Amino acid sequence: MMCRWVSGCILEWTLVLLEQGLLLLIKMGQFFPKERKSIQNLRKTEESIDWLRSWKVTLFSLLEAVPVNLRPLIASISIDGTSATTIIIDSNSGEPLWRPFLYNESCPDALPVVKSIAPANHTVCSGTSTLCKLVSWWNTEGENRESALLLHQADWLLWLLHGKLGLSDYNNALKVGYDPELESYPPWLLSQPYSQLLPSVQAPGTSIGYLKEGIRTEFGFPKDCVVCTGTTDSIAAFLAARATEPGKAVTSLGSTLAIKLLSTSRIEDARFGVYSHRLDDKWLVGGASNTGGAVLRQIFTDEQLEKLSEHIDPMEVSPLDYYPLQVVGERFPVADPKMVPRLHPRPKSDVEYLHGILESIARIEVFKFFTYLSKVSLTQPCDKDSVVCMILRQRDTAC
């Protein structure tokens, strides 16, 4: 994501990042779409997908995609990444010591340990938190602890551009336990032996240094082009929507469903998957559900989704009541690692089935708004290709 580009590109480039990386691997015969169904079941095993390579290839493909005539005008570069996607690397070489822990991957083995040291209902008290992933790795890996370093997805990608290891931002660092209000790691975390892996934290958008000379000369960026600390993907989406008044909220519907509401108050409660990111002198309160487009991809092809949607009347209420999830486990509006997907009964008509799933996703969104983040003014940017879903959401939220 090039931060000198118009804000609308922020969300577009965010969504393109992973998709382009996977398409490149498909072309190279290293990834097959059917593997998507089993991605979340991989746990402490050899990865069948080289995520780091796909992210790196995609990053440099995006740099190359910047029009040549615009490259000399790029003043700064920043990157957003999926919150809680965790990478353990060697602090000397930058080489990975473990496969990446993906953002929605749960580490229930570490949760009792984390709950024993963190304050009650703290953001890290969730199996998908970055801290749970760190503790899980620490308890599993007997070697390489002394030289290990934790980075988030955005941190690692930015390191490829500026070459300085061990730097992060307070948006990405929230789920490892960093306190953005005090601008420090809390004592209960610093007293742990694995605190030595924690990166230094700065405000998002802080200048880190100039773009590496080799990259700058290869792509034709200016000598004074700087690389800045990043943020998370849903915060980038919020910024792209240009919601600036407290009480305004933005939902991002992609592979999963995330919500961010601008508030003057900080609210956190791990029981419901609610947490707050700092945005200058305000707070982005929200959470992320495991429902979303990835569930649709499990069941329908893009062509089927397009054709079936044409036959759905979004003003008609579906009698079907589902809770669409890819696998067992939900993060928000209820943090329940044992929640089972509910996608049955399946009607004979695929049109009715898709209608029921879309309406159920919209219902979860409504539940988020009016149960946990009620009495606010809403703005809800939608996928431009999902007109049916947009109307369903507007109908059910009475927007």
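This section describes the surroundings of one tyrosine and the nonpolar cores of a predicted model.

Y170 was examined at the outset. The residue sits in a loop. This loop runs between β5 (167-169) and α6 (187-190). Despite its place in a loop, Y170 has a relative accessible area of 6%. Y170 therefore counts as buried, since the cut-off for that class is under 20%.

Several residues surround Y170. Beyond its neighbours within four places in sequence, Y170 is in contact with Y178, P180, V201, Q202, A203, P204, R278 and D280. With one of these, R278, the side chain of Y170 makes a polar contact of 3.5 Å. E181 lies eleven residues from Y170 along the chain. The C-alpha atoms of Y170 and E181 are 9.5 Å apart.

The nonpolar cores were considered next. In soluble globular proteins, nonpolar side chains tend to be buried together. The largest nonpolar core of the model holds 32 residues. Within this core, I88, L131, L134, W137, Y194 and L197 touch the most other members. At least two residues of the core come from each of α3 (111-117), α4 (130-140), β4 (148-152) and α6. The greatest share comes from α4, which supplies six residues.

L197 illustrates the packing. Residues up to four places away in sequence aside, L197 touches I88, L134, W137, W138, R145, A148, L149 and L150. Of these, I88, L134 and W137 are named above among the core residues that touch the most other members. Another core lies apart from the largest one. This other core has 26 residues, including L149, W156, L157 and L161.

Key. Residues are numbered from 1 along each chain as its sequence is written. This is a predicted model: local features need pLDDT of at least 70, side-chain atom pairs count only at pLDDT 80 or more; totals for chains, interfaces and linings use all residues. Side-chain values use heavy atoms; hydrogens and water are left out. Helices (H or I, at least four residues) and strands (E, at least two) are DSSP runs, numbered from the N terminus. Buried means under 20% relative accessible area, exposed over 50%, partly exposed in between (1.4 Å probe, protein chains only). Contact means heavy atoms within 4.5 Å. A polar contact is a pair of N or O atoms within 3.5 Å; within protein, one must be able to donate a hydrogen and the other to accept it, and residues adjacent in sequence count only if both atoms are side-chain atoms. A nonpolar core is a set of buried Ala, Val, Leu, Ile, Met, Phe, Trp, Tyr and Cys residues joined through side-chain atoms within 4.5 Å.
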